[in-house]
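Please consult the sequence and the coordinates alongside the numbered points.

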Amino acid sequence: MEWPIRCGEKKILTYFILLSLLNAVAWANNPAQEQIQMIERSMNANMDPCEDFYTYACANWQANYATEDYSEMTAMVAGKLSSKLEEYLKERVGSRRNAHSAYQKMKIYYKACNKNYDEDAMNYFKHIKPGVGLEWPILQSHANGDAVTEWPAENFDLYKLLGELHACDVNHLLVSVVPYRAADGTLQIHFNLPEAPAEADSEEEVELLAKLGFTATISSQYGNAYRKMDTHWRETYAQYAENETVESMIYSELKTSYANLWKIIEFTFPGKIDAQDEIFINNVDYYRFFNDYSVPQGPEALQLANYLMLKFLKYLKDDSHSDCVEDTRRKMDLAANFWYSSFYYNATAQQKNAMVQGFIEKIHRQLSQLLDENFMHLRPSQIAKLKQKVSALKVNTGNLPANINKSYVDDYFADVQGLSSHDYHHNHLILLRHRMLERLSSYQNQSYIKQYVDTTSYDIDSNLFIIPLTYLEAPIYDDSYDDVLRCLERDLVGYETSLYADIKNHAKFNQFLECLKAQNDNENVDERFADAVGIRLAYRAYVSDKDPHDTQGAAAYTTTIPQDKLFFMNMAQYYCGNDDSDKANLQQMVMNSEDFAKAFQCRLDTPMNPREKCRLY
C-alpha cells in the first residue's frame with residue numbers, strides 16, 4: 001500500500017533531499033574529506049596494526065591510487081605541477097622575437113623530446129668526437145657493416161675528450177672534477193679520486209647496444225670489452241684509495257705542474273676559470289699517475305675510446321626521461337618552478353608562507369625542548385651550538401631565489417643557445433653544459449639549490465631546507481586541514497638532519513644507528529634515522545600545540561578513526577608505495593614510537609611494539 005504525501009510533508013522531504021545533495025556537493029569539494037577517504041580506502045581493517053602496520057594502513061593504496069605515472073604520494077603531488085605545465089608546453093612556440101625567453105626554450109625542448117626522444121641515441125655523438133676529424137670506433141665499424149676497420153689512434157685526444165665529456169656534467173670518468181664556490185666567493189676546483197663503480201654488468205651494455213641496432217654477437221663483444229676495461233680502472237682507483245696527500249695551487253700554476261689536468265679544465269669550463277682560482281689535487285699519487293698516463297695506441301686506444309663512449313651513453317640514458325614533461329622540468333627546473341609559482345601559487349603565497357613559518361617555529365620549539373632533555377648527555381656548549389644551527393636554518397618554498405622575476409629567469413638561461421625543436425639529443429647536451437657551468441656560481445649560504453628538487457630536501461652546505469610548491473596543496477596541505485592531517489609537519493622534521501654533521505661521531509648516535517641496523521640491516525639506514533627521529537618530533541609538535549577546544553578541523557570532515565590514530569594513518573600515506581624500502585621505513589619508524597604503541601594500544605613485544613626501542617633524542 002502506498003501512503004499519500006501531503007503538501008507539508010512534500011516540502012520537508014524536498015528540503016532533506018536538497019540538504020543531502022548540498023552536503024554531497026560540499027564533501028565532493030572538500031579536500032579534508034577526500035584525504036580521510038584516501039586513508040580509509042587504503043587500509044585493511046582486518047589486519048592488526050600492532051602486527052603489521054604497513055599492511056593495515058597501506059594494503060589497498062596501490063589498487064585505488066597508483067597509476068602508470070606514479071606509485072606513491074610524492075610522485076602524485078609532483079604530477080600536479082607536471083600536468084599543468086604540460087598544457088602550457090603544448091601551446092605554440094612563439095616568434096623569434098621571444099628567443100631569449102626561458103619559457104620559449106622550455107617549449108622547444110619539450111617539443112623536440114616528443115618528436116625524437118626515441119630516435120637513435122647515437123645522435124649524441126654527432127656533437128662530440130674523440131679527436132679532430134676522428135669518428136668513434138664503434139660508429140665507424142658499424143657504418144662499415146661491423147667490420148674491423150683501421151682507426152687512427154694517433155688522433156685520439158684523451159684529455160680534450162675528457163674535458164668535453166665532463167663539460168656535460170658527467171663525473172668519475174677517469175677523473176673527478178668538482179667546482180666549489182666558497183662563502184667569500186672564491187672558486188675552488190677539486191680533483192678527487194674517481195669513485196670506483198660497482199662491478200660492471202656487461203649485460204646492461206649488451207642490451208643497450210642491441211636496442212641501437214647492433215647484432216647480438218657484436219653487442220656481446222663490445223659488452224665484454226667494456227667489462228674488462230671497467231675492471232681495470234676500478235682496480236686502478238682502488239690502488240690509490242689510501243692516499244690522502246693534497247696539493248694546492250692557483251690555476252695559473254696548474255699548466256706547469258699538471259699540463260694534462262689543465263687541458264681537461266680548459267675544455268670543461270672554457271674561458272670560465274681565472275688565473276687566481278684555486279686548484280686542489282686531493283689524491284696526488286693518482287693524479288701524478290694520470291697526468292703522465294701514456295695514452296695507448298692501437299687496439300687498446302680503440303677499446304678505451306669505446307669504453308668512454310659507452311660510459312657516457314649510459315649516463316645520458318640515466319639523465320634523460322621518457323616522460324617529456326618530467327625531462328623538461330629536470331633540465332629547466334628554475335623556469336618550471338617560476339612558471340608554476342607565477343600562475344598557481346602567488347595568489348595565496350603570503351598566507352601559505354606564513355603557515356610554513358608557523359610550522360617551522362613549532363618544530364623548532366620541540367627540537368629545542370628535546371635537546372634540553374639531553375638524552376644524549378651533551379655538554380651545555382654542544383647544546384647551545386646545535387640550537388644555534390637549528391635557529392639559523394633557512395627555508396625556501398618553491399626552491400626559487402629571493403626577489404626572482406621573469407627577467408632573472410631569462411638571463412639565467414641566456415647561455416642556452418641553439419635549441420632545435422627537431423634535435424632532442426643536441427638540446428640535451430646544451431642543457432647539460434649549462435648545468436655544469438652553473439655549478440661554478442653555486443656558493444655557501446645561497447638561498448636555493450641549483451638542482452632539480454621534487455621532494456623536501458636539505459642542503460648541508462647552505463643549511464637550507466627546500467619545500468616544493470606542490471607540497472602546499474592537497475593531499476599534503478589544504479586550508480581545510482586540521483593539525484592531524486597536515487602532512488607538511490612530517491616533512492619539516494627534516495630539520496633534525498641539519499644536526500647530523502655535528503652529532504654523527506657521538507657515541508649515542510652510533511648506538512642509535514647500530515640499534516636501527518639490528519632491527520633492519522638494509523642500505524638506507526641514514527634515511528631511516530631521519531624518519532625514526534622525525535616521527536617523534538612531529539607527534540610532539542602536533543600534540544603540544546593542539547587546542548582541545550578547536551573543532552574547526554574536525555568539523556571539516558567525518559571519520560570514525562580517533563585523532564591519535566589518525567595522525568599515524570595519515571603519515572603512513574607517504575609510505576604506501578610499492579617499494580620494499582617504503583614498508584621497511586614505515587614499520588621501523590612506528591616500532592620505535594612509544595606514541596604509536598599508546599595510540600593503537602599495542603601489547604609489549606608485539607612486532608610494532610618491541611621491548612627495546614631505538615632512540616636518539
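**Note on the predicted model**

1. Helix α24 (residues 525-545) supplies the largest share of the lining of the largest cavity, namely 4 residues. Helices (H or I, at least four residues) and strands (E, at least two) are DSSP runs, numbered from the N terminus. The lining comprises 13 residues, with A532, V533, R536, C614 and R615 nearest the centre of the cavity. On a 1 Å grid over the protein atoms alone, a cavity is a set of points where a 1.4 Å probe fits but cannot get out, and lining residues have an atom within 4 Å of a point.

2. The largest cavity has a volume of about 130 Å³, and the structure holds 3 cavities of 30 Å³ or more. Grid points are joined across faces, edges and corners, and a volume is the space filled by probe spheres set on the points. By class, the lining of the largest cavity has 8 nonpolar, 2 polar and 3 charged residues. Here Ala, Val, Leu, Ile, Met, Phe, Trp, Tyr, Cys and Pro count as nonpolar, Asp, Glu, Lys and Arg as charged, and the others, Gly among them, as polar.

3. The model is predicted: local features need pLDDT of at least 70, side-chain atom pairs count only at pLDDT 80 or more, and totals for chains, interfaces and linings use all residues. Residues are numbered from 1 along each chain as its sequence is written, and side-chain values use heavy atoms, with hydrogens and water left out.

4. The average pLDDT (the predictor's confidence in each residue, from 0 to 100) is 86, and 88% of the residues score at least 70. Over residues 1-28 the pLDDT is below 50, and this stretch has 8 contacts (heavy atoms within 4.5 Å) beyond near neighbours in sequence. Where pLDDT is low, the predicted coordinates should not be read in detail.

5. Helix α10 (residues 216-239) packs against helix α14 (residues 299-319) at an angle of about 90°, with the axes 9 Å apart. Axes are lines fitted to C-alpha atoms, for helices over the stretch in contact, and angles run from 0 to 180 degrees between N-to-C directions. The two helices, α10 and α14, are therefore roughly perpendicular (65 to 115 degrees) to each other. Among the residues in contact are Y222 and W233 of α10 and L304 and Y307 of α14. This contact has 7 nonpolar, 2 polar and 4 charged residues.

6. A cis peptide bond joins A474 and P475, with omega about 10°; P475 lies in the loop between β7 (464-467) and α21 (488-492). N403, although not a glycine, has a positive phi of about 60°.

Methods:
Angles under 35 degrees count as roughly parallel, over 145 as roughly antiparallel, 65 to 115 as roughly perpendicular and the rest as oblique. On a 1 Å grid over the protein atoms alone, a cavity is a set of points where a 1.4 Å probe fits but cannot get out, and a pocket is an open set with protein on both sides within 12 Å along at least five of seven lines; lining residues have an atom within 4 Å of a point.
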